[in-house]
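Biologist: Please take one part of this model and go through it closely. Then place it in its wider setting.

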Amino acid sequence: MLTLALAAPPISACARALLDVVRANNNAAAAASSARAFVVDGTTVGRVLPKSAAALGRYAIFDVSEEAVTLRGDAGATLEERSKAVTEVICDLRAEGSVPMLDGWRDEAFAVRTSFFAPPSLVVERAAAGLFGAPAYGVFVNCYTEGADGRPASMWLARRAKSKPTWPGLLDCLAAGGMAAGEMPLGAIRKEAAEEAGVPPRLAGAIQPAGGGCYTGV
């Protein structure tokens, strides 16, 4: 049997630096050990940290134990009924100001689901996604200029507005955004490119997927 060992392609300094940023944000391992399952209709759809569990445990629609935070069956039999009941809790927490993440309210629908293609168990305000530890999905577009050899030579970077609820004033990729309930990646990134960077439809239509990554952060 002949075995071939193939060397991995070299990683540029820029790519390595970007990977370091992703690794730095993949920081939830310690917190995950204290998180409890978030259960809706018998299925675990997220992980709830202790402070969030305490906040949700004040409301009758949730049963909270050492192992899980469970949305009670009487919260609603349908997606719409469950989502309405949970949204009322989220709005109450926002009004009393006890959950800082809700200060970044966006009026965007977020699907709580086990995976990207799974049907939603709940649809809630996007700012509340972290409250339930549910998987979130986003899209990012990077833009570069070519050198004389046709290879990427430099990247376009944006700076986030100081009024942004998350990471205000920091450097960012050309355009990015979390995917709202019902959105698909290409449609979402073309919309974000137009909204955030003024990319015209002719150019936005040429955006193609280049890869993906995942991390778990707190």
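Modeller: I will take the sheet; its strands (E, at least two residues) and the helices (H or I, at least four) are DSSP runs, numbered from the N terminus. This is a predicted model, where local features need pLDDT of at least 70, side-chain atom pairs count only at pLDDT 80 or more, and totals for chains, interfaces and linings use all residues. Numbering starts from 1 along each chain as its sequence is written, and side-chain values use heavy atoms, without hydrogens or water.

Start with Val39, which stands opposite Thr70 in β4. Around them, β1 (residues 36-40) and β4 (residues 68-71) run parallel, joined by four bridges. Two strands pair if DSSP finds at least two bridges between them. Now widen the view. The sheet is open and has four strands, in the order β2-β1-β4-β3. Its pairing is mixed. β2 (43-48) and β3 (62-64) form the edges, each pairing on one side only. From one strand to the next, the twist averages 25° (axes are lines fitted to C-alpha atoms; angles run from 0 to 180 degrees between N-to-C directions).

How far to trust it? Mean pLDDT (the predictor's confidence in each residue, from 0 to 100) is 87 for the chain, and 93% of the residues reach 70 or more. Residues 1-8 have pLDDT below 50, and beyond near neighbours in sequence this stretch has zero contacts (heavy atoms within 4.5 Å) in the model. Where pLDDT is low, the predicted coordinates should not be read in detail.

Next, the setting. Helices α6 (185-197) and α7 (201-204) each supply at least two lining residues.
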